[in-house]
Amino acid sequence: MIQEVIVTCRSAENENQIAPMGVVWRQGEVVIAPFKPSRTLNYILSSECAVINYCDDVRVFAGCLTGRYGWPVVAADRVAAPRLASALAHTEVRLLRVEEDEIRPRLICQPVHQATHRPFQGFNRAQAAVLELAILVSRLGRLPVEKIHAEIGYLSIAMEKTAGEREQEAWEWLMAKVTEFLQKQSEEGIV
């Protein structure tokens, strides 16, 4: 099972990285698999730690995919990485080993601390739609245009029925990215 989370880490120069990512729990360990090349990969390899943030504000996911990285962070308790100030809960991890791969190395991490900050109030369908659109946006260059339109059509139903202000804002950010991509495809004669 893949959990959609926000991974936070820090470089040796104290530069923070906030990245939406799917992680997998495997026999008590967490597997983080960032693409090569990426700052997330470099920072975790150099610091040997990260924080898994459980967040219900889908604007963080959408924001990171649309160039909005200014989400407030605070110090983690036991690792040299930040955590999201808005996280409902977080898990601090230390890097145990790396399973090499040319595209997505698997960073096998051991949880060293977990904390809950606020209760989870549940998701609405619009939050799930924004997460799916965020994943779609992260794959725009790899999907056929017909699939993009079909997915957006289906996801729009949940947005129309259940979105609040935060979900609507996140949706708008992501749709601007989709529109930009499709316009560029059209100008290049690809669509």
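A residue counts as buried when its relative accessible area is under 20%, as exposed when it is over 50%, and as partly exposed in between (1.4 Å probe, protein chains only). Welcome to a predicted model, in which local features need pLDDT of at least 70, side-chain atom pairs count only at pLDDT 80 or more, and totals for chains, interfaces and linings use all residues. Residues are numbered from 1 along each chain as its sequence is written, and side-chain values use heavy atoms, with hydrogens and water left out. Helices (H or I, at least four residues) and strands (E, at least two) are DSSP runs, numbered from the N terminus.

**Helix α2**

- The buried residues here are Val58, Val60, Phe61, Ala62, Gly63 and Cys64.
- Their cover includes the strands β1 (2-10), β2 (16-26) and β6 (82-84), along with the helices α3 and α5.
- Just after α2 comes Gly67, which takes a positive phi of about 85 degrees.

**Helix α5**

- The expected span of a helix is 1.5 Å times one less than its number of residues.
- For the 23 residues of α5 (residues 165-187) that gives 33 Å, which agrees with the 33 Å between its end C-alpha atoms.
- Buried in α5 are Glu167, Ala170, Trp171, Trp173, Leu174, Val178, Phe181, Leu182 and Gln185.
- Among the elements that cover these buried residues are α2 (58-65), α3 (125-138) and α4 (145-162).
- Just after α5, you will find Gly189 with a positive phi of about 75 degrees.

**How the helices pair up**

- Axes are lines fitted to C-alpha atoms, for helices over the stretch in contact, and angles run from 0 to 180 degrees between N-to-C directions.
- Angles under 35 degrees count as roughly parallel, over 145 as roughly antiparallel, 65 to 115 as roughly perpendicular and the rest as oblique.
- The axes of α2 and α5 come within 9 Å and cross at roughly 20 degrees, which makes α2 roughly parallel to α5.
- Contact means heavy atoms within 4.5 Å; in this pair, Val58, Arg59, Ala62, Gly63 and Leu65 of α2 meet Arg166, Glu167, Glu169, Ala170, Trp173, Leu174 and Lys177 of α5.
- The axes of α3 and α4 come within 8 Å and cross at roughly 155 degrees, so these two helices are roughly antiparallel to each other.
- On the α3 side, the residues that meet α4 include Ala126, Ala129, Val130 and Leu133, and on the α4 side, those that meet α3 include Ile148, Ile152 and Leu155.

**A look at Arg125**

- Arg125 sits in helix α3 and is partly exposed, with a relative accessible area of 45%.
- Leaving aside residues up to four places away in sequence, Arg125 touches Ile157, Ala158, Lys161 and Thr162.
- Arg106 is 19 residues from Arg125 in sequence and 31 Å from it in space, C-alpha to C-alpha.

**Cysteines**

- A disulfide is a covalent bond between the sulfur atoms of two cysteines.
- Cys64 is in no disulfide either, with the nearest cysteine sulfur, in Cys55, 9.3 Å away.
- Cys9 counts as buried at 0% relative accessibility, and Cys64 is buried with a relative accessible area of 4%.

Note on methods:
Disulfide = S-S within 2.5 Å.
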